[in-house]
Amino acid sequence: MIQVKVFDYEHEKDLEKDMNQFLSKLDDKKIVDIKYHVAALAEEVEDQIYCFSAMVVYRK
């Protein structure tokens, strides 16, 4: 059975930490794909909000 796990954080280090914890519990052979995306939103002239997200596709 194919499953997905989605991660979404404002800071890339938080994404990295949580993904590494999740991936450490999976057998490498069960990982099908990993998708990564970054979005930047400007709230004001000087402020930007970042969204770092990833999706792990794996076999259960």
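Reply: Happy to. Buried means under 20% relative accessible area, exposed means over 50%, and partly exposed is in between (1.4 Å probe, protein chains only). This is a predicted model, where local features need pLDDT of at least 70 and side-chain atom pairs count only at pLDDT 80 or more, while totals for chains, interfaces and linings use all residues. Residues are numbered from 1 along each chain as its sequence is written, and side-chain values use heavy atoms, with hydrogens and water left out.

Me: Thanks. By that scale, is E16 buried, partly exposed or exposed?

Reply: E16 counts as partly exposed, at 42% relative accessibility.

Me: And which side chain does E16 meet in a salt bridge?

Reply: K13, at 3.9 Å from N to O. A salt bridge here is a side-chain nitrogen of Lys or Arg within 4 Å of a carboxyl oxygen of Asp or Glu. K13 counts as exposed, at 58% relative accessibility.

Me: How many residues apart are K13 and E16?

Reply: They are 3 residues apart in helix α1, so about one helical turn separates them. Helices (H or I, at least four residues) and strands (E, at least two) are DSSP runs, numbered from the N terminus.

Me: How many salt bridges does the structure hold?

Reply: It holds 2. D33 and K35 also meet through their side chains, at 2.9 Å from N to O. D33 is partly exposed at 29% relative accessibility, and K35 is partly exposed too, at 46%.

Me: Switching to rings. How many aromatic pairs are there?

Reply: A search of the whole structure finds 3. One of them is F7 with F22, edge-to-face, with 5.7 Å centre to centre and 65° between the planes. For the cut-offs: rings of Phe, Tyr and Trp (its six-membered ring) pair if their centres lie within 6.5 Å, and planes under 30 degrees apart count as stacked, over 60 as edge-to-face and the rest as tilted.

Me: Which parts does the F7 and F22 pair tie together?

Reply: F7 lies in strand β1 (residues 2–9) and F22 in helix α1 (residues 12–24), so the pair ties together parts that are 15 residues apart in sequence. F7 is buried, with a relative accessible area of 2%, and F22 is buried at 19%.

Me: What about the rings of Y50 and F52?

Reply: Their centres are 6.0 Å apart and their planes are at 20°, so this pair is stacked. Y50 is partly exposed at 38%, whereas F52 counts as buried at 10%.

Me: Back to F7. Which residues do ring pairs link into a cluster with F7?

Reply: F22 and Y58. K5 also lies over the face of F7, at 5.5 Å from the ring centre. That label needs NZ of Lys or CZ of Arg within 6 Å of the ring centre and within 35 degrees of the ring normal.

Me: One more, on S53. Which strand is S53 in?

Reply: Strand β3 (residues 48–59). S53 counts as buried, at 17% relative accessibility.

Me: And what is S53 in contact with, leaving aside neighbours within four places in sequence?

Reply: S53 is in contact with F7, D8, L15, K35, Y36 and H37, where contact means heavy atoms within 4.5 Å.
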